[in-house]
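Subject: Structure handover

Hello,

Here is the structure for you to look over. Please open it next to this email.

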Amino acid sequence: MGPHSMNIHEYQGKQVLKEIGAPVSEGIAILKASEARAAAEKLGGPLWVVKSQIHAGGRGKGKFIEESAGEKGGVRLAFSIDEVVENAEQMLGAHLVTEQTSDAGKQVNRLYIEHGSDIERELYISIIINRETSRVSFIASTEGGMDIEGVAHDTPEKVINFDIDPATGFQPHHGRTLSKALGLSGDLAKQCGKLGKILYNGFLAKDMAMLEINPLIVTEDGRLHCLDAKISFDGNALYRHPDIEAMRDETEQDEKEVEAEKYGLSYVALDGNIGCMVNGAGLAMSTMDIIKLYGAEPANFLDVGGGATKENIIAAFKILTSDDKVKGILINIFGGIMKCDIIAQGTVDAVKEVGLKVPLVVRLEGTNVEEGKAIIDNSGLNVISANDLDDAAQKIVKAVNG
Ligand code: ADP
Ligand code: MG
């Protein structure tokens, strides 16, 4: 199943944009309110913006839960250094609720203080991978600064979409299409063509999965400028970008995902109540399908991959059992490179170490399957063994649903 894409914060996204040559504001990230004054002084006025750094959009229109954080949202203009400090004191540590967070919100542990821009217009631009055409695709709109899904729903004609042929790359005509989509002419159109090419090349060079600039602004003095940056990277390509990998913020990730990554396991959280330990993406998909076929829903998928050791299996088992949603566990392994006896021994050791409070069904097939089954049968543990995938799915669904 491979690792997911990785999100980064706005301030990191702007670092990346700066590196590839896209215009962004100067800013300083802070973790403590006591750092706000020095940061604001260093940047200089007359206008600053104090921006909450959380992995969720809609911060500007968000609301803090704590009254002490004040009425304003998660992106605040400040007209003096004192105002920067006051806002930093209010916002840091408070919980921001946006349309992309849960009702509990997200705690703001970091602020980005940046130069305020004089905005003439707010535009929208993003780059994604179009799964239908298998190409890198631009989305552009004159309606920036608001939620683009809403714009696309209400006024689809205002959202322009076009693909880039990988053989030609970003051509001057793409620049013209982009400028037209954004309603830009003259020198701004020239800037737009240049920016489009920078973003496209950067998207490829950094193995991005998604790049969204909302808003891209036209400043009062006629410059195109990236005012927000939301970037995610292809998890399967991160190994070749250690500088990007270093931007990972584990506090923004599911704890179980972080733990899984440490052991080279892929973990995907889902909404059901059956925890699944499988090997390989194909088997994960069929396991999910067959659980659904028998009327239940998987709580997650933990793909132990091909070369898992006993330690990996123990770690995987601990991750599965630490989830309160999990009312039953299905281990479904086809032993190829991964040997069934290793899985079996890992499972038995894990159960002995962390206990087993929910039913466990094990289906093993492939290399050393007899040894594996023998280890489980002789363990004295209360494990339900299954002969094939169908049998296994029925047994775990029955055990969970009673
Ligand atoms: P979000 O999308 O999470 O709400 P943004 O970074 O897009 O956060 O900020 C929300 C709005 O705040 C922007 O649409 C823009 O109007 C304003 N804003 C953000 N950064 C600045 C800045 N540096 N200068 C002036 N206004 C800004
Ligand atoms: Mg935005």
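Below are the notes on domains, pocket, ligand, cavity and backbone.

This is a predicted model, in which local features need pLDDT of at least 70, side-chain atom pairs count only at pLDDT 80 or more, and totals for chains, interfaces and linings use all residues. Residues are numbered from 1 along each chain as its sequence is written, chains are lettered from A and ligands numbered from 1 in the order in which they are written, and side-chain values use heavy atoms, with hydrogens and water left out.

Domains

The chain is assigned domain 1 (26-115), domain 2 (118-245) and domain 3 (254-400). These bounds come from an automatic or database domain assignment. The C-alpha centres of domain 1 and domain 3 are 43 Å apart.

An unreviewed UniProt entry carries the annotation "domain: ATP-grasp" for residues 14-242. UniProt positions are in the numbering used here, feature names are shortened, and annotations may be inferred rather than shown by experiment. Residues 14-242 are 28% helix and 30% strand. Their end C-alpha atoms lie 17 Å apart. Helices (H or I, at least four residues) and strands (E, at least two) are DSSP runs, numbered from the N terminus.

The largest pocket

Its volume is about 1000 Å³. Pockets and cavities are found on a 1 Å grid over the protein atoms alone: a cavity is a set of points where a 1.4 Å probe fits but cannot get out, a pocket is an open set with protein on both sides within 12 Å along at least five of seven lines, and lining residues have an atom within 4 Å of a point. Grid points are joined across faces, edges and corners, and a volume is the space filled by probe spheres set on the points.

Of the 40 lining residues, Gly-57, Gly-58, Arg-59, Asn-214 and Asp-228 are closest to the pocket centre. Domain 1 and domain 2 each give at least three residues to the lining. Elements that each supply at least two include β3 (48-52), β9 (119-130) and β12 (208-219). By class, the lining has 14 nonpolar, 12 polar and 14 charged residues. Ala, Val, Leu, Ile, Met, Phe, Trp, Tyr, Cys and Pro count as nonpolar, Asp, Glu, Lys and Arg as charged, and the others, Gly among them, as polar.

The unreviewed UniProt entry also marks Asn-214 and Asp-228 as "binding site". Both belong to the lining of the largest pocket.

Ligand 1

Ligand 1 has 17 residues around it (a heavy atom within 4 Å). Lys-51, Arg-59, Gly-60, Glu-114 and Glu-122 come nearest.

- A polar side-chain atom of Lys-51 is 2.7 Å from a ligand 1 oxygen atom.
- A polar backbone atom of Ser-117 is 2.9 Å from a ligand 1 nitrogen atom.
- A backbone N or O atom of Asn-214 is 3.1 Å from a ligand 1 oxygen atom.

The cavity

The whole structure has 1 cavity of 30 Å³ or more. The largest cavity has a volume of about 40 Å³. Its lining includes Val-362, Leu-364, Lys-373 and Asp-377. β19 (360-366), α12 (369-377) and β20 (384-386) each supply at least two lining residues.

Backbone

Asn-214 and Pro-215 are joined by a cis peptide bond, with omega about 15°. Pro-215 sits in strand β12, and Asn-214 is found in strand β12. Another cis peptide bond joins Gly-45 and Pro-46, with omega about 10°. Pro-46 is in the loop between α2 (36-43) and β3.

Best wishes

Conventions:
A polar contact is a pair of N or O atoms within 3.5 Å; within protein, one must be able to donate a hydrogen and the other to accept it, and residues adjacent in sequence count only if both atoms are side-chain atoms.
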